[in-house]
Amino acid sequence: MSKLPNHLQDCVTLNNGVQMPWLGLGVFKAKEGEEVVQAVKAAIRAGYRSIDTASAYRNEEGVGQGVREALQENGLQRKDVFITSKVWNSDQGFETTLKSFDDSLKRLGLDYLDLFLVHWPVKGKYKETYRALEKVYAEGKVRAIGVSNFQIHHLEDLLSEAKVVPAVNQVEFHPYLTQKELLRYCTEKGIQLEAWSPLGQGHLLEHELLKGIASKYGKTVAQIILRWDVQLGVVTIPKSIREARIIENADIFDFELSAEEMQAIDGLNRNQRFGSDPDKNIPK
């Protein structure tokens with residue numbers, strides 16, 4: 001990574017030239033309706049320009065409403081925000097993925113998506129699913145396509161036939177699951193790694209080492225972890241529905257962790273997942 005991001009709206013350039021913000025709002029488990037609408041509006045008001053949803057979250061309509069209202073209230077245009085969604089496992093396959101994409105667009109009330117991902121590497125289906133993503137990409141309905149929860153062997157299998165190298169691989173990534181080999185592999189292939197559950201579902205927030213670093217910078221443990229992400233060159237999408245927390249999570253661009261601190265945080269790795277293992281228990 002050549003230059004560290006120093007502003008909430010700083011972007012990484014994906015392998016097809018599309019700009020994607022380093023930090024976005026994740027809306028997993030945010031309830032459809034007022035809860036997710038207000039979270040999206042709070043994020044955009046606070047300066048966020050990236051929102052990550054999925055058909056499986058069942059809140060795309062609320063995300064779309066929040067985006068439209070926030071654009072109007074903040075004098076922004078559709079091109080100013082980066083919207084990601086994903087095709088769910090039960091919809092995988094060529095035709096069903098095309099339908100799932102159209103359904104997501106309709107629910108969001110958008111003409112196009114910025115990023116569309118294969119949510120999990122469903123065995124025997126993900127290559128066909130990705131072929132459908134290549135089709136909507138070729139048709140200009142989505143600006144970038146990628147995958148989520150893919151391990152190196154899934155990516156190698158996909159790349160053996162794919163016409164378009166995935167722009168992004170969104171995976172569980174936090175100090176207890178640093179996935180160094182996967183990060184290195186994706187970097188070599190020009191695939192941007194993106195962290196879901198960057199705070200390890202809250203399991204890291206009381207860690208003494210992280211608390212010590214946080215107190216040195218006058219930051220929260222969450223801010224230290226999110227800063228560690230971007231300094232590693234990993235896009236991050238912390239989830240929150242509380243405005244104060246949404247604002248706090250974004251306040252990571254006015255300090256820099258030292259090489260020693262980065263190494264110490266890397267050293268917390270336990271290869272511990274809090275979500276599903278893509279090789280063992282893909283959600284149905």
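Modeller: Start with strand β8. Five of the five residues of β8 are buried, so this strand is largely enclosed by the rest of the structure. Keep in mind that this is a predicted model.

Now look at the partner of β8. Strand β7 covers residues 145-148, and β8 covers residues 168-172. The two run parallel and are joined by two bridges. Pick out valine 147: it stands opposite asparagine 169 in β8.

Step back to the whole sheet. Eight strands make it up, and the sheet is open. Their order is β3-β4-β5-β6-β7-β8-β9-β10, with parallel pairing. The edges belong to β3 (25-26) and β10 (235-236). Each of these has a single partner strand, so one side of each is left without a neighbour in the sheet.

Move along to β6 and β5. Four bridges join β5 to β6, and these strands run parallel. Here serine 85 stands opposite phenylalanine 116 in β6. In a regular strand the side chains alternate between the two faces of the sheet. Check this on β6: Leu115 and Leu117 point one way, while Phe116 and Val118 point the other way. All four of them are buried.

What lies across these strands? Helix α4, residues 126-138, lies across β5 (82-87), β6 (115-118) and β7. The helix runs at about 150° to β7.

Next, follow the chain out of β7. The loop between β7 and α5 holds asparagine 149. Most residues other than glycine have a negative phi. Asparagine 149 has a positive phi of about 65°, although it is not a glycine. With a relative accessible area of 3%, asparagine 149 is buried.

The loop between β7 and α5 (152-159) also holds glutamine 151. Is glutamine 151 buried or exposed? Glutamine 151 counts as buried because its relative accessibility is 14%, and the cut-off for buried is under 20%. Which residues does glutamine 151 touch? Not counting residues up to four places away in sequence, glutamine 151 touches Gln179, Leu182, Arg273, Pro278 and Asp279.

Glutamine 201 has one of about 55°, and glutamine 201 is not a glycine either. Look for glutamine 201 in the loop between β9 (192-196) and α7 (208-217).

Now turn to another loop, the one between β4 (50-52) and α2 (60-73). Asparagine 59 lies there. At 0% relative accessibility, asparagine 59 counts as buried. Lysine 29 is 30 residues from asparagine 59 along the chain, yet their C-alpha atoms are separated by 8.6 Å. Leave aside the neighbours within four places in sequence. Asparagine 59 is then in contact with Val27, Ala30, Glu32, Val36 and Thr53.

Go on to isoleucine 282, in the segment after α10 (259-266). Isoleucine 282 is partly exposed, with a relative accessible area of 22%. Isoleucine 282 and tryptophan 120 are 162 residues apart in sequence, but 6.9 Å apart in space, C-alpha to C-alpha. Beyond its neighbours within four places in sequence, isoleucine 282 is in contact with Asn89, Trp120, Pro121, Val122 and Asp277.

The chain has 10 helices and 10 strands. Of its 284 residues, 56% count as buried. Take the contacts with a separation of 6 or more: residues 24 or more positions apart account for 76% of them. A compact globule with 284 residues would have a radius of gyration near 19 Å, and the chain agrees with its 18 Å. The C-alpha atoms fill a box of roughly 55 × 45 × 35 Å, taken along the principal axes.

An unreviewed UniProt entry places the feature "domain: NADP-dependent oxidoreductase" at residues 30-269. That span is 45% helix and 12% strand, and its end C-alpha atoms lie 28 Å apart.

Key: Residues numbered from 1 in each chain as written. Predicted model: local features only at pLDDT ≥ 70, side-chain atom pairs only at ≥ 80, totals over all residues. Heavy atoms only, no water. Pairing = 2+ DSSP bridges. Contact = heavy atoms within 4.5 Å. Axes fitted to C-alpha atoms, helices over the stretch in contact; angles between N-to-C directions. Buried < 20%, exposed > 50% of the residue type's maximum accessible area, 1.4 Å probe, protein only. UniProt positions renumbered as here; feature names shortened; annotations may be inferred. Rg over C-alpha atoms; globule rule 2.2 N^0.38 Å.
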